[in-house]
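Me: Can you take me through a model I have open? I'd like to go over some helix packing and any disulfides.

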Amino acid sequence: MKAWQRVLTGVLLSVLLMCTAAARNGAEIRTLENGITMVMLRDANLPLVSMGFYQPGGVVAQSEDNSLASITYALLSEGTRTYSRQQLHSIEENGGSIGAQSYNRLGALSATVHRDDAATTLSFLVSMQREPLLPPERFEVIRNQTMAAIANRQAIAHRHGAWLFRRELFAGTPMAFTATGDAEATANLSIDEVRDYHRRVIARSGGAYFLLAGDLDQPLIELVVSQLSALPADDETALKAFVHFDTASPLQRWHDAPGQQAHIFLRYSIPGADDPCFPPLQVGTAILGGGMGSRMFSQLREREGLAYSVNASLGTTMVNASIDAYMGTARHNAAYALDAMQRHFRQLRDELVSESELQRAQNYLVGNHALSRETIGDQGFSALLNIAMGLGAEHDASYPERIFAVTAQQIQQCAQQWLDAEPDFLVYGADQPR
């Protein structure tokens, strides 16, 4: 490793150690009698507090691909029975932020504010979770905005191709749905469906998580515990969002489309983040497609000029885990490009990686992991997500140790175990070769 690489690695590791130290020192998990799990992280470096509800469900709690979750969450900040829309957003005048968003398996109702505004913000969040107005006139506006977002996705080839791949791969399951879903189904969505989704998914205590992170003192913690404990328990069983969904594997599709570009989506199913092969496959994925120093970028893009964009990634998850690779190329090169991508995955299985590639990938992963957790809010959300998935709050703290312990032999062994099966792929923008 060159001198500048050692210096950069040291800096990134220092950032990570500072982040994980804050998480370790302030980490506390408390489950209330009504079923809400509180995740608390203390960091007094700045007078800021991040807090919010994280509800299991998200998009996978829908019964059809009609953008229901994202529209419902967008409506939560449009006023409540107690607070007007203007009051909810008044915290922005002091530099704070408040909002709601739906992910695939979770929904977030969160805020980051000055600690002096924390008590007021807590009342806002509780009111938004339990008693939003969900005004019909704003529903119409937000649904129209969502329809515009869907049209935008359909007009951008690589985004539309990714949507098609997901839809076909997980056909017949809620994992086929996305935040901005099918245009026709979204146009037919009703305000009654929004109200029902809020009742059965968002306005719940059982299974919910509440993140409280930042410059915390005991009076604030006691206030949060008091207000959350006052929320009623649920009669229904808590939703389980982190469950496995069946796929149509092996899925291999070609979709022709107008234009000169082809978009290739490639997917290898792998085990969850608690499996011993997960860290070696993370490092192997970074060797192939993590950053400008990766194999596919340097060889397929820079050397062969085959791709204008190429990457591979593997995010931490316990269910439906996969290595996902993408390449944008000229449509006449699509068949060759698809074979070239698979050839690189086979090479990971058949040959040992070099020591320099191993070190570059490890540094890349650890550095990006640190930079993605710069704020206490980022650290808190990551801890909460790991808890929700069953990995535990301290999973992040041992990330560098797991990554730097990976050997070239482990990468090859795990690649032989998990990359031997036929991958799923979808090529959008080119005909299947005859």
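Reply: What follows covers a helix pair and then disulfides. This is a predicted model, where local features need pLDDT of at least 70, side-chain atom pairs count only at pLDDT 80 or more, and totals for chains, interfaces and linings use all residues. Residues are numbered from 1 along each chain as its sequence is written, and side-chain values use heavy atoms, with hydrogens and water left out.

Me: At what angle do H4 and H9 pack?

Reply: About 15°, with the axes of H4 (residues 118-130) and H9 (residues 218-229) 11 Å apart. The two are therefore roughly parallel (angles under 35 degrees count as such).

Me: Which residues of H4 and H9 meet?

Reply: From H4, Ala118, Ala119, Leu122, Ser123 and Val126; from H9, Leu220, Leu223, Val224 and Gln227. Contact here means heavy atoms within 4.5 Å. By class, the contact has 7 nonpolar, 2 polar and no charged residues.

Me: Switching topic, how many disulfides does a search of the whole structure find?

Reply: It finds 1, taking a disulfide as a pair of cysteine sulfur atoms within 2.5 Å. Cysteine 277 and cysteine 414 form it, with their sulfur atoms 2.2 Å apart.

Me: Where do cysteine 277 and cysteine 414 lie?

Reply: Cysteine 277 is in the loop between strand E8 (261-269) and helix H10 (278-289), and cysteine 414 is in helix H16 (residues 408-418), so the pair ties together parts 137 residues apart in sequence.

Me: Are cysteine 277 and cysteine 414 buried or exposed?

Reply: Both cysteine 277 and cysteine 414 are buried, meaning under 20% relative accessible area with a 1.4 Å probe, protein chains only.

Me: And why is the disulfide left-handed?

Reply: Because the torsion about the S-S bond of cysteine 277 and cysteine 414 is about -85°.

Notes:
Axes are lines fitted to C-alpha atoms, for helices over the stretch in contact, and angles run from 0 to 180 degrees between N-to-C directions. Helices (H or I, at least four residues) and strands (E, at least two) are DSSP runs, numbered from the N terminus. Angles under 35 degrees count as roughly parallel, over 145 as roughly antiparallel, 65 to 115 as roughly perpendicular and the rest as oblique. Ala, Val, Leu, Ile, Met, Phe, Trp, Tyr, Cys and Pro count as nonpolar, Asp, Glu, Lys and Arg as charged, and the others, Gly among them, as polar. Buried means under 20% relative accessible area, exposed over 50%, partly exposed in between (1.4 Å probe, protein chains only).
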